[in-house]
Amino acid sequence: LLYHGTIARRHGLETAIRALLLIKESIPNIELLILGSGDDKDRLVQLVKDLSLDFYVRFSNGEVPLQSIPEYIGQADLCIIPMLLDVFSRSTLPVKMLECVQLDIPVVSSRIESFLFYLDESMVRYFEPGDEADLAKQVIALHDAPEEMQLLAANAANFRSKYSWDREKKYHFDLVDSLSSKNGRP
């Protein structure tokens, strides 16, 4: 499992760490790699120790250079985005999700409406925010069905074609052109 990005309480990494207590019973060789830094890292490192999960969770040594992130993602079997539901998350679409999708790595993510707007349940496996049992259930189910992991990644390719830069660029240029012409400009 891979999480990459800011290590902050709102990103729900405690949920992911606690889910490992359940996952390791079914997948004894599971590993969660957390890349990044942030104000919640020390607390989470201590939580890993308190739960005796040192064997299952690794943290990067500080920030990872941006150019190295694709390599880490490419080595993952599954990316996780355990974000908690709050005012911030209700209006976001994490770049980390798009990076995993772009590199054909399946994603397990908190079920947040703004995420579902772009990536439906055929593209991402969702779980209830903050629910470590549901997260564990989804990870175990995908581990037991590797063909479904491949299907999620393949279906997410639809997102890439729908929201390509060429399409988005045209949309925004057309929008600016239409607004300019309404104001009497050519």
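H11 is buried, with a relative accessible area of 7%; buried means under 20% relative accessible area, exposed over 50%, and partly exposed in between (1.4 Å probe, protein chains only). The model is predicted, so local features need pLDDT of at least 70 and side-chain atom pairs count only at pLDDT 80 or more, while totals for chains, interfaces and linings use all residues. Residues are numbered from 1 along each chain as its sequence is written, and side-chain values use heavy atoms, with hydrogens and water left out.

H11 is placed in the loop between β1 (2-4) and α1 (13-26). Helices (H or I, at least four residues) and strands (E, at least two) are DSSP runs, numbered from the N terminus. Leaving aside residues up to four places away in sequence, H11 touches Y3, T6, P82, M83, L84, F88 and K96, where contact means heavy atoms within 4.5 Å. The side chain of H11 also makes a polar contact with the side chain of R10 (3.5 Å). A polar contact is a pair of N or O atoms within 3.5 Å; within protein, one must be able to donate a hydrogen and the other to accept it, and residues adjacent in sequence count only if both atoms are side-chain atoms.

The next feature is a covalent link. A search of the whole structure finds one disulfide, a pair of cysteine sulfur atoms within 2.5 Å. C79 and C100 form this disulfide, with their sulfur atoms 2.4 Å apart. C79 belongs to strand β4 (residues 79-81) and C100 to helix α4 (residues 95-102), so the pair ties together parts that are 21 residues apart in sequence. The torsion about the S-S bond of C79 and C100 is about -85 degrees, and the disulfide is therefore left-handed. Both C79 and C100 are buried.

The structure holds eight salt bridges, each a side-chain nitrogen of Lys or Arg within 4 Å of a carboxyl oxygen of Asp or Glu. One of them joins the side chains of R58 and E31 (3.1 Å, N to O). This pair links distant parts of the chain, with R58 in strand β3 (residues 57-59) and E31 in the loop between α1 and β2 (32-35), 27 residues apart. R58 is partly exposed at 42% relative accessible area, and E31 is partly exposed at 33%.

Another salt bridge joins the side chains of R43 and D40 (2.7 Å, N to O). Here R43 is partly exposed, with a relative accessible area of 27%, whereas D40 is buried at 5%.
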